[in-house]
Amino acid sequence: MDDATIALAKAAGLEATAARFPDDVREALATLAKHKAALPRTSDPRLEPTSSHTAPRA
């Protein structure tokens, strides 16, 4: 596994799983990347959603 895959697996708490099932972890990360790339994004920050704890109170 490459360093980026190991870092993602570690961040997700999947070190043991990645050691036992490296192909499955690679496939899951590839699926995640594919779905993430399909999400609509805008370059205008005013159109991005704001979380409730950072939204101004009226």
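Visitor: How many helices and strands does the protein chain have?

Guide: The protein chain has 3 helices and 0 strands. Helices (H or I, at least four residues) and strands (E, at least two) are DSSP runs, numbered from the N terminus. This is a predicted model: local features need pLDDT of at least 70, side-chain atom pairs need 80 or more, and totals for chains, interfaces and linings use all residues. Residues are numbered from 1 along each chain, and side-chain values use heavy atoms, without hydrogens and water.

Visitor: What makes Asp-23 and Arg-26 a salt bridge?

Guide: Their closest N and O atoms are 2.7 Å apart. The definition asks for a side-chain nitrogen of Lys or Arg within 4 Å of a carboxyl oxygen of Asp or Glu, so the pair qualifies. The structure holds 1 salt bridge.

Visitor: Where do the two partners, Asp-23 and Arg-26, sit in helix α3?

Guide: They are 3 residues apart in helix α3 (residues 22-38), so about one helical turn separates them.

Visitor: Why is Asp-23 called exposed?

Guide: Its relative accessibility is 55%. Exposed means over 50%, buried under 20%, and partly exposed in between (1.4 Å probe, protein chains only), so Asp-23 counts as exposed. Arg-26, at 35%, is therefore partly exposed.
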